[in-house]
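Work through the exercises below with the sequence and the structure side by side, and try each task before you read its solution.

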Amino acid sequence: MPRDLAEYGKKRDFTKTPEPPPEKKAPTDKQLYFCVQKHLASHLHYDFRLEHEGVLLSWAVPKGPSLNPKDKRLAMQTEDHPFSYGEFEGVIPEGYGAGIVLLWDRGTWKPDPGFEDVSKALAKGELKLALDGFKLKGSWVLVRTRGRPGGSERDASRSWLLIKHRDSWAGELDVTAVAPLSIETERDFADVLAADNPDVWSSNRPAQGGETGAMFAKIIKRAHELRQARAEPSGTPGKAAKSAKKRAKKKPAAKRAAKK
Ligand code: MN
């Protein structure tokens with residue numbers, strides 16, 4: 001079955017979201033792209049995306065990827081995303097996925113020998129693959145499960161596990177804690193929100209209570225502080241503004257690494 005972006009398009013109002021429109025990419029002979037986007041919305045999660053047939057296959061991983069082969073990370077398959085989504089970083093003010101998106105990792109991927117027919121592997125519910133990103137590397141597997149006992153049929157059909165295979169890139173390092181920032185811009189959620197509009201959710205925050213609500217409250221406060229530091233008169237720049245300037249001058253890690 002050919003991939004299509006109808007569901008992606010239906011879920012979004014492109015007059016209100018900065019996310020890219022539902023356009024497929026023409027096939028190329030370039031290496032396949034992969035990325036992970038850290039997304040603070042109604043809950044924090046990591047969107048794991050693999051280029052396939054001009055779109056990005058997508059899974060939402062609540063706990064994020066783990067380098068420890070003992071961790072089986074739940075990955076809920078979501079609608080295919082346009083290829084250009086793979087560079088998106090910003091604020092979704094309202095509607096589906098409202099919140100903040102960071103480009104957490106990026107690179108290339110390829111299916112393992114025996115899994116080259118990716119559509120067939122997906123239909124069978126097992127895809128072994130190799131990642132070559134900045135934070136995630138080496139051998140991984142995506143395997144479909146039957147969902148939680150008592151869970152809905154829809155959940156069962158889209159429940160997968162993302163698991164690291166044992167290799168030299170596996171380990172106990174908590175990669176989401178050790179490397180939390182954007183791979184492209186070295187920003188955190190507050191930096192991204194400060195660059196956009198810290199007042200965007202003055203009335204309707206994507207999450208009000210609980211852990212996520214508290215995270216939003218902290219990030220919004222920090223974004224305001226960052227804005228304030230920048231707004232200080234240029235003759236007497238505060239410490240925060242100075243270091244923000246310094247950081248802005250530095251090239252993003254991804255670009256530095258790509259030059260090697
Ligand atoms: Mn998401």
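Predicted model: local features only at pLDDT ≥ 70, side-chain atom pairs only at ≥ 80, totals over all residues.

**Exercise 1.** Which residues coordinate the manganese ion, and how are they spaced in sequence?

*Solution.* Begin with the donors, which are N, O and S atoms within 2.8 Å of the metal (3.2 Å for Na, K and Ca); water is not among the atoms, so sites may look incomplete. The manganese ion is held by His-39 through ND1, His-45 through NE2 and Asp-47 through OD, at 2.2 to 2.3 Å. Along the chain these donor residues follow the spacing H-x5-H-x1-D. His-39 counts as buried, because its relative accessibility is 7%.

**Exercise 2.** Which strands does E8 pair with?

*Solution.* Strands (E, at least two residues) and helices (H or I, at least four) are DSSP runs numbered from the N terminus, and two strands pair if DSSP finds at least two bridges between them. Strand E7 (residues 126-133) runs antiparallel to strand E8 (residues 137-144), and seven bridges join them. With three residues between them, E7 and E8 form a hairpin, and Asp-132 has Lys-137 in E8 as its bridge partner. E8 is also joined by five bridges to strand E9 (residues 159-164), again in an antiparallel arrangement, where Val-143 is partnered by Leu-161.

**Exercise 3.** Where is Arg-148 placed?

*Solution.* Arg-148 lies in the loop between E8 and helix H3 (153-158). Arg-148 counts as exposed, because its relative accessibility is 59%. Although Arg-148 and Ser-159 are eleven residues apart along the chain, their C-alpha atoms are separated by 8.5 Å.

**Exercise 4.** Which element gives the most to the lining of the largest pocket?

*Solution.* E4 does, with six residues. Strand E2 (44-52), strand E4 (73-82), helix H2 (118-124) and H3 each supply at least two residues of this lining.

Definitions and conventions. Residues numbered from 1 in each chain as written. Heavy atoms only, no water. Buried < 20%, exposed > 50% of the residue type's maximum accessible area, 1.4 Å probe, protein only.
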